[in-house]
Amino acid sequence: MIKAVLAIAVLAASSALACEDNIGVVLTAQKQAAPEAVIVLPDIPLAQPFSARIKLCHGGFVTKLNVDAIMPAHQHGMNYVPTITDLGAGNHQVDGLVFHMPGIWEFQVEVTQGAEVNRYTHSVTIR
Amino acid sequence: MIRWGVLTVAICGQTAAAEVLLTPDEIDQTLSFGPWPPITQNDPSNRVSGNAAAIALGATLFHDTALSVDHRFACSSCHDPTYSFAAPVRRAMGREKLARNSPSLMNLAGLRWYGWGGKSDNLWAASLHPIIHPVEMAQTADSWRERLANSANAAPYEALFGPLESQTPQMVLVNTAKTLAAYQETLVTPKTAFDIFRDALERGDLKTAGTYPHSAQRGLQLFLTRGNCSFCHSGPRFSNNEFHDAGVAYFIDETTVDGGRYEGLRFLFSSPYTLAGDWSDDDAKSGAWAVRNVRQTHADFGAFRTPSLRGAAHTAPYMHDGSLPDFDAVVRHYNEINMERMHTDGEAVLAPLDLTEAEVSDLTGFLETLSLRE
């Protein structure tokens, strides 16, 4: 069992973690050519506000970044609109996220860079 | 934590196997309902939160009919300490019959929303509204300042807040509500049979955990699994403190409906007494993100705040309109939930449960263990 856990950890280190500083999880891009973006998440508490960090790995000017989340199984989203702060160099702070029910939540991130719009998702399971 | 669960069950497999019926995963979920009581901080929006003199004045005022314009009601008329600060009637009786059931006032410190529709984002605002509500205590800020100034409560009030004559009536009203809130923050339900079980599981003390009745354990399992109850009744208070349509009719009478969260938000957005407003004593406005960022959706209509289940055995009848007389009726309500009453985009987690009679009684028995019976 321990070996299996290690193997997963190594796998995670090589594939899911990204950007130079190796923190966060790579968001799943809708288009293959989309620039790489990562999300840095805390241990998400149930029904309590939490913050996340979203980073575009190779920087570039972000015109607009939108973050939302839904529960695909229950046909509903969050009861709050998160607050997004541009920290520069492709970094964004996302505050006021609340996942008020346990289950699978899907982050939906939309990054506008000039005329280009890229959409990303990332799923987490909340207990 | 999950691995630990596997371990304990493995051990108990050899010794007292039958005593703890939960799977490791269920044990893990059970731990999330505690510890109890939760640690709460003083409310930064209320500068007298946690202040002993304010708590004492709030306690006096709570039970004082002087708070209502014609001395007809005290807060305790509808929030009766004998019934865990609720009232044993379906809909509260004010100057006329109100649309909703009086909720218990236990365990209210530090919540994000108050009221069935969440019309307040803090406890002092939730305590202020009944004072001026025309069908409740029907004061105005002026009439209340006048009443207070001519009463024995003027001295303790001034000791806390300074001379009455230098304060506007609205300021006196807010300060009064803040003492009521300080008092209510001290109302906490005690540990129950459930907490003894939960804490024992956390310690790995299966002998103690095993004394929790099997029927309650089976009820807890239903609560966590097939019943889907913990989707909304989660955390140490058994409430996510958010808003849902639990399939209760929202007709008040033949022609009026209770808009629930929809009305709550309308009220909230027009209230000067929110955490984002000037009456909050918190310069950082720390809790204000919720009122600023809460999202209005069409699902708000007919949605109500998930009530806590702690101490609920003492607060029948149930639901926002008090329409269900006891736990048995509540469990049967969920068991046979009428999907036609739900919004078309209603909660996908609610569906008829197909529980047997024995299971209904297990689930009811579990709910009982969240209250302390004398």
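Chain A comes out with one helix and 10 strands, where helices are DSSP runs of H or I with at least four residues and strands are runs of E with at least two, both numbered from the N terminus. Read from the N terminus on, its elements go α-β-β-β-β-β-β-β-β-β-β. This is a predicted model, in which local features need pLDDT of at least 70 and side-chain atom pairs count only at pLDDT 80 or more, while totals for chains, interfaces and linings use all residues. As for bookkeeping, residues are numbered from 1 along each chain as its sequence is written, chains are lettered from A and ligands numbered from 1 in the order in which they are written, and side-chain values use heavy atoms, with hydrogens and water left out.

Of the 127 residues in chain A, 39% are buried; buried here is under 20% relative accessible area, exposed is over 50%, and partly exposed is in between, with a 1.4 Å probe and protein chains only. Take the contacts in chain A that link residues at least 6 apart in sequence: 55% of them join residues at least 24 apart, a contact being heavy atoms within 4.5 Å. Ala47(A) sits in the loop between β3 (37-40) and β4 (49-56) of chain A, and at 5% relative accessibility it counts as buried.

Now for the contact between the chains. Chain B puts in 24 residues and chain A 21 residues. The area buried between the two is about 1,800 Å², with carbon and sulfur atoms giving 52% of it; buried area is the accessible area (1.4 Å probe) that two parts lose on being put together, summed over both. Chain B and chain A share 12 residue pairs in polar contact, both residues at pLDDT 80 or more. A polar contact is a pair of N or O atoms within 3.5 Å; within protein, one must be able to donate a hydrogen and the other to accept it, and residues adjacent in sequence count only if both atoms are side-chain atoms. On the chain B side, the elements that give two or more residues are α1 (2-14), α2 (24-31) and α13. Sorted by class, that side has nine nonpolar, seven polar and eight charged residues, with Ala, Val, Leu, Ile, Met, Phe, Trp, Tyr, Cys and Pro taken as nonpolar, Asp, Glu, Lys and Arg as charged, and the others, Gly among them, as polar.

There are also three salt bridges between chain B and chain A, each a side-chain nitrogen of Lys or Arg within 4 Å of a carboxyl oxygen of Asp or Glu. In one salt bridge, the side chains of Asp28(B) and Arg127(A) meet at 3.9 Å, N to O. Arg127(A) also has a side-chain polar contact of 2.7 Å with Asp25(B). This arginine, Arg127(A), lies in the segment after β10 (116-126) of chain A and, at 46% relative accessibility, counts as partly exposed. Within its own chain, Arg127(A) is 56 residues from Met71(A) in sequence and 13 Å from it in space, C-alpha to C-alpha.

Ala138(B), though not a glycine, has a positive phi of about 60°. Ala138(B) belongs to the loop between α5 (123-132) and α6 (141-149) of chain B and is partly exposed, at a relative accessible area of 23%.

Ser127(B), in helix α5, is buried at 6% relative accessible area. Setting aside neighbours within four places in sequence, Ser127(B) touches Ala177(B), Leu180(B), Ala181(B) and Gln184(B). In helix α12 (residues 261-270), Arg261(B), Gly264(B), Leu265(B) and Leu268(B) are buried. Seen down the axis of α12(B), these buried residues fall within an arc of 95°, so they line one face of the helix; the arc is that of the directions from the helix axis to the C-beta atoms. An α-helix has 3.6 residues a turn, so residues three or four places apart point the same way. The buried residues of α12(B) pack against β1 (243-244) and α13 (289-293) of chain B, whereas Arg266(B) and Ser270(B), on the other side of α12(B), are exposed.
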